[in-house]
Structure formats: C-alpha cells, structure tokens
Amino acid sequence: MELIANLGHGFAIAVTPTNILLCLIGALVGTLIGVLPGIGPIATIAMLLPITYKLDPTGALIMLAGIYYGAQYGGSTTAILVNLPGESSSVVTAIDGHQMAKKGKAGTALAIAAIGSFIAGTFGTILVAALGKPLTQVAQAFGPADYFSLMVLGLVCAIVLASGSVLKAIAMIFLGLLLSTVGTDLETGEQRMTFGYLPLADGIEFVTLAMGMFGFAEILRNLEAQSSRDIVSQKVTNLMPTRDDLKEAAPAVARGTLLGSILGILPGGGAVLAAFGAYTLEKKISKKPQEFGKGAIRGVAGPESANNAAAQTSFIPLLTLGIPPNAVMAVMVGAMTIHGIVPGPQIMTKQPDLFWGLIASMWIGNLMLVIINLPLVGLWVRLLRVPYRMLFPAILFFCAIGVYSINNQPFDVVLTAFFGLTGYLLIKLGFEPAPMLVAFVLGKIMEEKLRQAMLLSRGDPFTFVNFDRHPISTVLIIVSAVLLILAITPALRKKRNEVFVED
Amino acid sequence: MDTKRPGGAARSPQDIFGGLFLVAIAVLALYLVNHLPASGRVGFASGTAPRLFAYGLLALGAWIAIAGFFKEGVSIGAFNWRGLFTILGSVVLFAVGIRYVGLALIGVPMVMLASLADHEFKAEEALYFGVGMTAFCGLLFPTILGQPIPLWPPFLDMTPGKSTGLIVRFAAGAVVLAAAVYVARQALGNSKRKGS
Amino acid sequence: MSFTRRILMVGTAMALGIAGAMAQAFPTKPITMIVPFAAGGPTDTIARIVGEHMSRTLGQTVVIENVAGAGGTTGITRAARSAADGYTIMMGHMGTHGAAPGLYPKLAYDPQKDFTPIGLAAGTPIVIVTRKDLPVKDLKEFMEYAKKNEKTINQAHAGSGSVSHITCILLNEMMKVDPTPIPYQGTGPALNDLVSGKVDYMCDQIVSVQGQVAGGGVRGLAIATPSRSPSLPNVPTTLEAGLSMFQVSAWNAVFAPKDIPADVAKKLQDALVKAVTDPATKTKLEGLGGVVPDAQRASPEALATLVKTENDRWVPLLSRKVKQ
C-alpha cells in the first residue's frame, strides 16, 4: 500500500506540465540521437547538461532519463532499417530486424519493437518501484568471479547468434575477444597492441567497430548486388503487425521482459547480456530455429523487450545505491551533483520527490515513446523508398559525424573505415560479424572480472568453481559447460547442417 | 558453406583464405604483445589474455583453413574495388578534412565521392544531395544537438556554443523537421499514393 | 526560389558577422575548454560549473569538450598542441599535470613548460574508505590491521593511473603496507564492490564517495586535508587520525597552451578568479566536497608552483612503483 501511495506521489510530481514537457523533450531528443548512427546518449546528455542548470533537479533528471531510454528505442530503428547497430544491445535486433525489413516487413518489425519495449518498460518500472531495495541486495551478491562466469555463459550463447558454421562462429568470438584487449592495461597501464599510438590507448570504441563491420561492410556488399540492394524493393506488405504476428511475438515479449529485468539489475555488465541472451533463448526454444537470422519476428520481439526492461531496471543501482552502472548514468550522477544532490543510499529517503518522480516519469516516458514511435513507423518505412544511391552516402555521412562525435577524434573515423574493409573481407570469406561484436563487448568486462577474481583469490584458477565461496559462479560455469557441449557435439552439428542445406 | 563432405578431393577457397586471414591476424597480435609479460603476480598479467585469445584464433584459423582443403565450398567471388575505394575513401576524406575545413566544406566532397561508388552515379543529383545533407547536418549536429563538431574552417570559427538556449534549439529543430518533412513529401510524392 | 533567396540572405548575414567579429577584442567566439575525462566525472563537473560562470564574465560561451583517454593525457596532449590564441583552454588535474610524467615515460608534453597556467579551480580531497564491516574503528586501528593482514588485504582502485590508484600508492607507502591492489574500470564498479564487501579499502575523491560514507555503505576513516570537510563533518582529518603526512587533494586547474598573448591570459585569469570567488559557484563546488581556492591561491603563479611541487612529489614515487 505504501508503494501505491509512493507511486501516487511520484505521478503527482511527474505529471506537472513542466515535467511532462521535459519528459517529452527528453524522449524526442533521445529518439533522434538513437536513430542517428553513432551519436550516443552520453555525448548528448553531456551537451544538454548546461540547459538543465536552469531546471529543478527532478525535472533535469526526468529529461536526461528520457534521453537515455529514448535512445534505446531509436537505436533499434536504425538497426532494423539500415542494419546499423548503434550500441551493443541493438546488434541482435539488426540480425532479424533487418532481414524483416528486406522482406518488406520493416513496419511490422518496428511496431513489434515499440510494443514489446513498452510492455517491457512498464514491467521494468514496476519492478524498480516495488522491489528496488531487495533486488539491490541480490545484485550485491555478485562478485568478480560471478560476473566472469556470467560472461562465459554469455560467450557460449554468442555461438548461437551465427546461422552458419559453428566453427567459424567460435573463431569470430576469439577475434572479438582479441580486439577487446587492445588498449591500456587496466592493472599496469601497459600499452597493448596500440602500435604506440595514443588514440588507441583507450581501446577500440564499440561504435567504431560496429559501424565498420556492420554498416560499411553492408553498404559495400549491397553495392555489389545491384539488383537486390534497394532495401524495400518488394512491396511493403503491412505497416502494422497482424493478429498472427502479435500472437507469435507475445510469448517472446514476456520471456524477454523477464530475462532483461533480471539481467538489468546487475551493474557489472548484466545489461549488455540482456538483448542477445533473449535472442539465444528464443532461438533455442523455438520450434523453427532455422527461421532465425532470416527475419523471425521473435528474434526482434525478445531482444527488444529484454533490452528495454534492462534499461529500466539498470536504474536500480543508481537509485538505491547511488552508484552508476554505466557511462550514461555516470553523466546523470554528474547532473545530480551539479544540482547539489549527493547520490547515495540515502536518496530514496532524503529526496523522495526526485526518487518517485523519476520512477513515475519512466513509465510516462515509455508511454510517450510508444505514442511517438508507432505513427513514425510509416515515415521510417517510407524513408526506405529513398533510392539506394542517395541512402548510402547519407548513412556514411551520418556515421562519420557520429563516430567523430564520440571522442572528437578524426582517427576514430579512419578506424571505422578500416573496420569496414575488414568486415567486408570477413563477409566475403563467409564469417558473420554478430558473434564477434558480442564477444568484443563481453571481452572487456570478462578480462577485468577475471583479473579481479584471480587477484582476490591470489591466483587460484579454481575459484570460479569453488561452490563454497562462489556458488553463483559455480552454477553458471556448469550451465555454460553443458551448453557448450550441446552446441558443438557432432549430433547437433549434423542437425544444423541439415537445416542449412538449403542455403 | 558447411554443406556436405563428399570426400577429400574438393576444396573450399573461402575457408582456406578465411582461415589464413585469421591466422595472419593472430600472428600479428602475438607479435604485438611479444614484449608483454605472459604471467605475473597471480599467474595473470597484461599479456595473458591477448596471448590466450590469439592462440585460440590461431588454432581455429588453422583448423578452418586445413578443413577447407578437404571439403567442397564456396568461392570467394569478385571484389567490389570501386566501392572499396570510394566508400572508404570518402570516410577517410571526412576524417582528414573535418578539423581543417569543417563540416560545411567537407560535406559535399564526401557525399559526392561516396556516391561515385554507385554505377548509377549522377553528378548533378549528388551535388544537390550533398549540399542538402551538409546543410541539414550542419544545423542538426552542432546547433540542435550542441555537438562540438567544427562547422567552419578554424580561422572563421562560428560554431554555435552550447549556450544556445532550449527554445532556440527547439525552434531550430522545428524548422529542420519541417524542411525535412517538406523535402520528404516532395521526394516521395508518388510512393505516398502507392504506399499503405 | 524564395527558399534559395533566404539561404543567400542568411549566408550574407553570416559573412558580415564574421567580418564584424574579427575586429573585436578577445573573446569574439566561443572558447573550448577541453576536459580530458568522460562527462559526469568530478573534473567534468567542476569544469562545467566553473566554465558556466566564466562564460558570463567573458561574454562568450565556454564549450566543454570531453576528450577522454590514457588517464587524461590524450586530451591534454591535444589541448597543448592547439593554437595559442586562448580559444582552447583545458581543465588540467593532479593526474595530467602532477603525476603523468611518472606514469607515462613517453608523455608528449611537459607539465611545467608547455602550458600557460591560468589558475586553480577546485581541489577535491581524498578520503580513505573501507568496507563497512572491516573490524577497525579508526585510521590507527586500520593501519595496524593492514600491517597484520598484509597478505590478505585487498585494495581497490579505479584503474592504472587514476586518482584512486596513485593516491593509494602514496598511502600504502606511508603506511608501509603492501596490499593486493585490485583494478577496476572506474570508480563506480570499485565502489560497488567495496559496498558489498568484496574488497577492503580504497582511496578516492570526496565527491565520489561522500554519498556512500554518509549513507553508511562504506566507512570513511580519514580525509587527507588539514581541516574537516563540511560535506563529511564526521570524518576526521589525517592530522587528527594520526597520519599527518598523508595530505592529498585531487586538484583541478585551468591551463592554456604555452605562449598565449598576455592580455588574453589576463582576461582568462580574471574570469576564473571571478568564477571561483563567486558565492553561488563556491557553494556549488563546496557541495561536491570541493576545496575552493581564494584569489591568491587561484593565481597563475600559485598554480605554477603547485605543478612543480606535485611533479616533485609524484614523479619519483610513481616511476619507482608503477612499471610500464
């Protein structure tokens, strides 16, 4: 009952005209920057910070949070339409979403993504409000060893992302891991594979790699196949999902929401697993796994829901502990401190207006996003009718600006071109980039957690399977081992080969 | 790809070259991390993970390449050289130019060079499109989104600061949006009737 | 056609604007302040607060540009090489201008020679924090505990070269303790594991830890300043707690590239002093737990001295303790 009273209080704050307007602006700006490839929420929030000086802290945070989850929505739009994942979470959306677009079902994919995200967002918000505190306790039980094992499980799942050869998928995972180690060593500060070049000292940016390997390589390949390159060459069948589509997607939305909500509360990299964890789950339990990678609606609905649920529940560590779980939230903490609010465990009691107002606005923001995005579906789909000879230079231009804006570093743009070349070669040689990108994201967290766990255990490699000390880690390792065996056993391979014989 | 294995006779150039490509990357990585310690205080050092991953890649690459000699597979296919040079060239051009001449002056050459990748290249259309894109992005990124992207050459720098108020930005945003919708309607006038 | 004409008119207006602007005195266009760290961190927050006030004095926006990387040295390298006209300035910091020469042997700049010091903006004191269930009451007990449990004690830090890394090197040196340092990717994750008790202690800037100390997530043992901080009045100073030599503050200061015109430097210096002595700005900075300098300590001369003493303190220590 207290919860309802608190939420009522929150809604009373969030629905003032000013705060509604700020929420709307945040959601709109977020959608815009999400749609634009490369430009991320971090840079935008940082640039908009000065505007928030003049607002009250609650309004400021409502707007910034709107940008954060608006960007999540917008990012999937670009992934579906032009195969450009702007952040790690939309890599998997691009796989089946873009295939749907190529089949003339871009509208369905976008609409399902929006609806699934809204349902997931609603559930995630309720979870934050009702169980924020106890869930924090759960997250606190995870230590470096547990996170490492979680990332191992993630890597095993990444094998499933590929639709072709398992061997090649594993090779791509190793390539992704290798690339993730480029940069300054966290412990000693040594330069690793940077050619002594300063701009590489902080490692490779995800966006650089994703734009190059996905975006540029895709353009190069499209230009080769002159006949099939116009993305919507076939007639657009439906803008909105049919009843059958919705029925097909519903269970995936539910599963994705649950999985994403759980992973989102883990600050040490849980949220990055949400989207493709959900994809793996959908593909594994599907009766028609052969449809995945060719435009399966569940391959869009599951990850999109998981992604947005995680985006909501990842606010939990920020709100209950005051510790930002990712770089975007770190900027929000900066915004809070500028307004004189000290982030910490006392925020809930000392700043109830901010706490509950923000939570209420999260739901309102999600509602706004679905209202904004559903009508936009038609516009986006029509955008695909722009002749490809104009579309691709525009994509390149946006990408170049976006990549430049991450660090204001021209070198990053050159690096993207290099990865475009590499990605093109890899595609030519029959490799798929998705497992590599996922491994790249997980690799950074994985090595960090591995080092920490090894240091904490003073070099005991069996610390990960020491049930007494790390029960979570032990269970995760066992699950990973079972899954890995399932994935590479000859029996399964044979089945896969039969499935892909028509390729 | 992994279709069938009729016996030792056939070959898969895609796998052979793909495997060798990965082997080359792995060897390069191993060379680059050669100076880093392979193990340290707790059996784990800065060089451990890169070596581990590089050896893994080396083994897998070799496996793929060798297996490629014993199975039937796809050929690599022709390379799109024109696309590679123009697309990647245009991106590099942007990177080189952005600091020296700014977004306003690099936009058109970049879009035009990129457009050359297409066999249906039309110079006039690409020029207009480049001008339009540059104007749109020039307004959008530095002005509305407040990104610190150089718009003009440094010697006449007038990149609007982030002091540009919310209202100004919102107004600019509305203008751009209106213009974009107008252009889109002009360009897509036909499809609108055909579409949904 | 009317659209084209309008564009022409705007273009003409812009051209006239440029011509007009060139005739005026500094500053005639926005000033870029390079912050060598990601947005949202302590240095970024201080730069934004100070920059906002400087904008008002100078009559031109001070645009914050985050160029993060390599412990801040990427951004400072770029700023040092930019045109010496006063339109590019930077928020340097204890790491980039104090400790960096000891951490990066191939550093592309010399903190003492390659910059025009503008002035000190704010310092954020270092707090020694432990997990809340560590069986010690105060710093004295902690030092004994750490010595006794040298083999098992774990010290978190926010990555090689970070403030929390180098300040704890100094602390450990003074306590004569050799713990196992556990590196994290930033302060957030390190603090998270300290709150949940996975690691035993760390050192970090007050702005990053004060919420946790006040909320009871971690225990604040001592603050490395001569007097207590109003943000954390219950945390004793290292003077009180018995480690008086440990006096560390992560200072943030504005620099310009070397050889900027004297009148331009003067304008920037005046604007900075005005910003840090402004009561509203001061309150904001102190809310972060910051120590705000008076006009004398914010002067360029004082800053030049500070850089030198900090180099003397950190470079020999770090060259010895951190291998490259």
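Predicted model: local features only at pLDDT ≥ 70, side-chain atom pairs only at ≥ 80, totals over all residues.
**Stop 1: helix 3 of chain A**

Select residues 41–52 of chain A, which form helix 3. Start with the length. At 1.5 Å a residue, the twelve residues of this helix should span 16 Å. The end C-alpha atoms are 15 Å apart, so the model agrees with that expectation.

Now ask how many of the twelve residues of helix 3 are buried. Eleven are, so the helix is mostly covered, given that a residue counts as buried with 20 or more other C-beta atoms within 10 Å of its own. Colour the buried ones. Among them are Pro41(A), Ile42(A), Met47(A), Leu48(A) and Thr52(A).

What do these buried residues pack against? Within chain A, show helix 2 (17–35), helix 4 (57–82), helix 14 (327–338) and helix 17 (388–407).

**Stop 2: where chain A touches chain C**

Keep both chains on screen. The contact takes 45 residues from chain A and 48 residues from chain C. On the chain A side, helix 3, helix 14 and helix 19 (433–456) each supply at least two residues. Which helix of chain A gives the most? Helix 14 does, with seven residues.

**Stop 3: two helices side by side in chain A**

Select helix 4 and helix 16 (residues 352–383) of chain A. Their axes are 9 Å apart, and the helices pack at an angle of about 30°. That makes helix 4 of chain A roughly parallel to helix 16 of chain A, because angles under 35 degrees count as such. Their crossing is right-handed.

Show side chains along the contact. From helix 4 of chain A, pick residues including Pro57(A), Leu61(A), Ala65(A), Tyr69(A), Tyr73(A) and Leu81(A). From helix 16 of chain A, pick residues including Asp353(A), Leu358(A), Met362(A), Leu369(A), Asn373(A) and Trp380(A).

**Stop 4: strand 4 of chain C**

Move to chain C and select residues 115–131, which make up strand 4. Is this strand enclosed or open? Here 17 of the 17 residues are buried, so strand 4 of chain C is largely enclosed by the rest of the structure.

Next, find its partners in chain C.

- Strand 9 (residues 249–257) runs antiparallel to strand 4, and nine bridges join the two. Look for Gly123(C) opposite Trp251(C).
- Strand 7 (residues 201–205) pairs with strand 4 in the antiparallel sense, over five bridges. Here Val129(C) stands opposite Met202(C).
- Strand 8 (residues 218–223) also pairs with strand 4 in the antiparallel sense, over five bridges. Find Arg131(C) and look across to Val218(C).

**Stop 5: two loop residues with positive phi**

Back in chain A, select Arg458(A). This residue sits in the loop between helix 19 and helix 20 (471–488) of chain A. Arg458(A) is not a glycine, yet its phi is positive, about 55°. Is Arg458(A) buried or partly exposed? With 14 other C-beta atoms within 10 Å, Arg458(A) is partly exposed.

Finish in chain C with Asp259(C). Look in the loop between strand 9 and helix 10 (262–277) of chain C. Asp259(C) is not a glycine either, and its positive phi is near 60°. Asp259(C) counts as exposed, because it has 11 C-beta neighbours inside 10 Å.

Notes. Residues numbered from 1 in each chain as written. Chains lettered and ligands numbered in written order. Helix = DSSP H or I, 4+ residues; strand = E, 2+ residues; numbered from the N terminus. Expected span 1.5 Å × (residues − 1). Contact = placed C-beta atoms within 7 Å. Pairing = 2+ DSSP bridges. Axes fitted to C-alpha atoms, helices over the stretch in contact; angles between N-to-C directions. Parallel < 35°, antiparallel > 145°, perpendicular 65-115°, else oblique. Left-handed = near helix turned anticlockwise from the far one by under 90°.
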